[in-house]
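Please walk me through this structure in plain terms, starting with one residue and then moving out to the whole chain.

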Amino acid sequence: MTVTTSLEPVNTKPTIATILLVEDDASLAEWIQQYLQGHEYQLRHLARGDLVIAAVQEQKPDVIILDVMLPGKNGFDICRELRTFYNGPILMLTALNEETDEVLGLELGANDYLNKPVRPRVLLARIKALLRREPVEQLDGQLQFGQLRIVRDAKAVFYREQAVPLTANEFDVLWLLASQAGQVISRDKLVSQLRGFEYDGFDRSIDIRISRLRKKLLDNTEQPYRIKTVWSRGYLFSPEAWE
């Protein structure tokens, strides 16, 4: 007797990541679309900032590439609003080339930024890094150091029973340092684990986040003793400095 078995075809094709590009420069948007589509990403393009929130809620893209200067609504305001409901990676593009703008973007929840003019291979590498980015290694429960309490699941920090308002990016840096308290963590490791690519000697986002953390956690910004800089080696979270 012959038995015929019907099997559903197995789909081995990898999932195509969807990218929302928000850029009002038509020529720049066109080449980014063509370049990334040539690398098998699915693109949607918007040229106005006031259309972004509704589009993200509807489309749920895997990555958002967000220009700063946009008609309708600027990228900073968009990023702030997105972070109330969107947890995916946000890569900001800026022609401003000012450190204060980089700081503001990171504080508002952007994962990465690129200054214009955009280099195609760098843009592609950053997108790949964001897509393969893994969350910071997490431990069960909470971390307690004297009067400092760090709650992993809620991404909440309390010092002397007062809530310390941190961005998600700042919390991730703090958790990684505090979960390895007393050990020197190199800048290379911080960049690799938090941003997904190797430190190239120029990226300053980790330094910016640590600087903001020190201010919010009442560290001495001139001679830090809570989150210490160990020259040529990295950063060290001091477990005894939280009375």
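Where is the place of Lys-155? Lys-155 is in the loop between β7 (148-151) and β8 (156-159). Elements of this kind are DSSP runs numbered from the N terminus, where a helix is H or I over at least four residues and a strand is E over at least two. The phi of Lys-155 is positive, about 50°, although this residue is not a glycine. Its relative accessibility is 38%, so Lys-155 counts as partly exposed. On this scale buried means under 20% relative accessible area, exposed means over 50%, and partly exposed lies in between, with a 1.4 Å probe and protein chains only.

The model is predicted: local features need pLDDT of at least 70, side-chain atom pairs count only at pLDDT 80 or more, and totals for chains, interfaces and linings use all residues. Residues are numbered from 1 along each chain as its sequence is written, and side-chain values use heavy atoms, with hydrogens and water left out. The predictor's confidence in each residue is given as pLDDT, from 0 to 100. The mean pLDDT of the protein is 82, and 84% of its residues reach 70 or more. One is residues 1-14, for which the model has zero contacts beyond four places in sequence; a contact means heavy atoms within 4.5 Å. The other is residues 134-139, with pLDDT under 50 and eleven contacts beyond four places in sequence.

Now the chain as a whole. The protein has eight helices and twelve strands, and 45% of its 243 residues are buried. Of the contacts with a separation of 6 or more, 58% are between residues 24 or more positions apart.

Asp-25 counts as partly exposed because its relative accessibility is 34%. Asp-25 and Leu-70 are 45 residues apart in sequence, while their C-alpha atoms are 9.2 Å apart in space. Glu-40 is in the loop between α1 (26-38) and β2 (42-46). Glu-40 is not a glycine, but has a positive phi of about 70°. With a relative accessible area of 61%, Glu-40 is exposed.

Next comes a pair of helices. Two packed helices are described by the angle between their axes and the distance between the axes. Helix α2 (residues 52-59) and helix α3 (residues 75-82) pack at about 35°, with their axes 10 Å apart. The axes are lines fitted to C-alpha atoms, for helices over the stretch in contact, and the angles run from 0 to 180 degrees between N-to-C directions. From α2, Val-52, Ile-53 and Val-56 meet Ile-78, Glu-81 and Leu-82 of α3. By class, this contact has five nonpolar, no polar and one charged residues.

Further along, the peptide bond from Lys-116 to Pro-117 is cis, with omega near 0°. Pro-117 is found in the loop between β5 (112-115) and α5 (120-131).

How many of the residues of helix α6 are buried? In α6 (residues 168-178), ten of the eleven residues are buried, and the helix is mostly covered. Among them are Asn-169, Glu-170, Asp-172 and Trp-175. Phe-171 is also in α6, and its relative accessible area is 3%, so Phe-171 is buried. Which residues is Phe-171 in contact with, leaving aside its neighbours within four places in sequence? The partners of Phe-171 are Ile-150, Val-151, Arg-152, Lys-155, Ala-156, Val-157 and Leu-166. This list brings back Lys-155, the residue in the loop between β7 and β8. Phe-171 and Leu-213 are 42 residues apart along the chain, and their C-alpha atoms are separated by 8.5 Å.

The last stop is Arg-187, in helix α7 (residues 187-195). Its relative accessibility is 25%, so Arg-187 counts as partly exposed. Arg-187 and Gly-234 are 47 residues apart in sequence but 5.3 Å apart in space, C-alpha to C-alpha.

Conventions:
Nonpolar A, V, L, I, M, F, W, Y, C, P; charged D, E, K, R; others polar.
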